[in-house]
Amino acid sequence: MAKKPRPEVPEYHLTPSLKDEDGGIIWPAPKAQMQRARDLILECAAAGEKTLIVPDKDADGLTSGVILYHTLNALGLPPSLLSVHLLKKGNNIHTEEERYTMQAQDPSYIFVLDQGSRKAGPVIDRPHKALIIDHHHATPDSFPAGAEHVTACDSPPVATSSLLTYTLCEPLHKSVGERCSWLCIVGTHGDLGNTLKWEPPFPDMKPTFKVYTKKLLNDVVSLANAPRRTATYGVSSAWSALLSAAVASDPASVLKDKRLLAARQEVNAEVERCTHTAPKFSPDGKIAVFTIHSEAQVHPVIATRWSGHLNSKALEIVCVANTGYLPGKVNFSCRVPRCARNREPPVNIIQSLRSYASLKPEVVDGDGDQSVNRPSLLERLGDDFARGHVQASGGIVNADEFDELLKLMRIGEKSEKKRDDEAVPKKRNKGALDAGQTNTLTNYFGRSSVTKEGAAA
C-alpha cells in the first residue's frame, strides 16, 4: 500500500500578521505594551533597587531570563541587586510557597517570563512593580493584579518569550544584539523547532549563524531542556550554564557541562522507555490518548513525537497523560498532529478540552435514579487545566478528575460502526491476510516504532 503523503504545513513566519491603523504590522506585541515594558526595564535599571527575575524552566524561559539579566546589568544594575527565582517542581508563581519565597527576597521589581498568564492577586503581598513577559494564550484580564504585561499571544506569527524579550531589550543597549542573539535563537528553537526560518517579521540572524553553527545552538537547546525533565528537576544547573555562557559569549561551554549531559542521558532513556505505549482513541477518532507513568517530565516530548507520526483524516488531538510525575495528579500534554495543522477551521485544543469538560453527565443517586446533577467538570477544575497554547496545551488535574475527563471524551469506546461490524460474522476471502499475520497494532507499539531522537524540544 502506498504511503499517505505528509500534509503540507505552511512556514511559521508566513502566518499573516495583524495590522494597526497606519498599516504597520503588530509584532511581536502591541506597541503600547512594548513601550510600557521598555519603560519599566529602564526605570528598574535606573532605580538601583532589588530586582527579581522569575523565568520558566525550559529553554525559552531560561534564555528569556538571561537576556533580561544581561540587559539590566548592561544598563547599570549590578549583579548584587539582581536575583533569579526558579520555581519548584509542579508549582506556579501563584502557589503560596513560591509567593512566600519571592516576597522573602524583598524585591522592588519583579519580572516574570514565560510562566503563562492567568487572573490572580498580586505577585507578592508587599509594594512592588511587576512585568509579565509571555506568549501563552491569554485574555485581557489574564494577569496578576497590579502587574504590567506584554504578550505576543495575539500578534501572529506568535513570538516565543525569548524572541519577545530580545526584541524588547535589543534597542535598549548595543551589547544585547552582540551578546544575546544566540540566546534568542536557542529559546525560539526550543519552542518552535529547529527548522524555523528566520525571515521577516523575525529578526535577521544570519550574522549570528556565521559565528555559531545551527548544530551547536540546537545542541544547546537539547541540554538546556534536559534538567527540567528529570525526576530531580535540576533547573538551576541549566540556568547557571546559560548565564555563564552568556557572560563569556561562549555557547559551546554548555555542551561540556557534565550535569546537563547526565540529565540528557537520563531523559533520553526515560523517553525511550515510555514512547511505545499504545494509544486509546475516542469513537470518532478525533483524540488519541497515551498513558504513561514516569517521575520525569517526558509527556510533552512524547506528545510532540507522536503528533508528527500519527496520520488520520479524523485525528485532531494527541494527548499524553503522565500518572507518575506528581503524587495523586495527572500531568498531561496535548498537541495538534501534523496531519491536522492545516485544517479549517483550525484545531483549538484549549477550546476542545474546555468543551469536553463542560459536559454534564447525570449522576446516579442512592436510589438508582438518574436525576441527581452536579457541577460540570470544568466548573470543578482549577486554573491548571487547559493552559498554554491553542495548538499545544495541557494541564495538571487530580487523577479521578482526569478519569472523568476520559469518560466525557469516551476514550476507549468503540464507534457505532465498529460495534455493528463486530456483530456481523464475516466470511474470509481468498485474498485476505493469513491468520498467522504478526504485524499487529500490539506489536507495533511494543517495539521501537518511532525514530530515536534526542530529548530536546
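The legends below describe several close-up views of a predicted model.

Residue numbers start from 1 along each chain as its sequence is written, and side-chain values use heavy atoms, with hydrogens and water left out. Because this is a predicted model, local features need pLDDT of at least 70 and side-chain atom pairs count only at pLDDT 80 or more, whereas totals for chains, interfaces and linings use all residues.

**View 1. Overview of the protein.** The secondary structure comes to 15 helices and 11 strands, where helices (H or I, at least four residues) and strands (E, at least two) are DSSP runs numbered from the N terminus. Of the 457 residues in the protein, 46% are buried, that is, under 20% relative accessible area with a 1.4 Å probe and protein chains only. Among the contacts with a separation of 6 or more, 67% are between residues 24 or more positions apart, a contact being heavy atoms within 4.5 Å.

**View 2. The packing of helix 1 against helix 2.** Helix 1 (residues 31-47) and helix 2 (residues 59-74) pack at an angle of about 50 degrees, with their axes 9 Å apart; axes are lines fitted to C-alpha atoms, for helices over the stretch in contact, and angles run from 0 to 180 degrees between N-to-C directions. That angle makes helix 1 oblique to helix 2, the class left after roughly parallel (under 35 degrees), roughly antiparallel (over 145) and roughly perpendicular (65 to 115). On the helix 1 side Ile41, Cys44 and Ala45 take part, and they meet Leu68, Thr71 and Leu72 in helix 2. The residues of this contact divide into 5 nonpolar, 1 polar and no charged, with Ala, Val, Leu, Ile, Met, Phe, Trp, Tyr, Cys and Pro counted as nonpolar, Asp, Glu, Lys and Arg as charged, and the others, Gly among them, as polar.

View 3. An open sheet of 5 strands has the order 2-1-3-4-5 with parallel pairing, two strands being paired if DSSP finds at least two bridges between them. Strand 2 (82-84) and strand 5 (148-151) are the edge strands, each pairing on one side only. Within this sheet, strand 1 (residues 51-55) and strand 3 (residues 109-113) run parallel and are joined by 5 bridges, and Pro55 has Leu113 in strand 3 as its bridge partner.

View 4. Another open sheet holds 6 strands in the order 6-7-8-9-11-10, and its pairing is mixed. Strand 6 (280-281) and strand 10 (385-389) stand at the edges with a single partner strand each, so one side of each is left without a neighbour in the sheet. Strand 6 and strand 7 form a hairpin with 5 residues between them, and Gly285 in the turn has a positive phi of about 75 degrees. The two strands pair in the antiparallel sense over 2 bridges, whereas strand 7 and strand 8 pair in the parallel sense over 6 bridges. Thr291 stands opposite Ala321 in strand 8, and Ala321 also has Phe332 in strand 9 as a bridge partner.

View 5. Helix 13 lies across strand 7 (287-292), strand 8, strand 9, strand 10 and strand 11 (392-398), running at about 125 degrees to strand 11. The buried residues of helix 13 (residues 399-409) are Glu401, Phe402, Glu404, Leu405, Leu406, Leu408 and Met409. Just after helix 13, Arg410 takes a positive phi of about 65 degrees.

Technical notes:
Buried means under 20% relative accessible area, exposed over 50%, partly exposed in between (1.4 Å probe, protein chains only).
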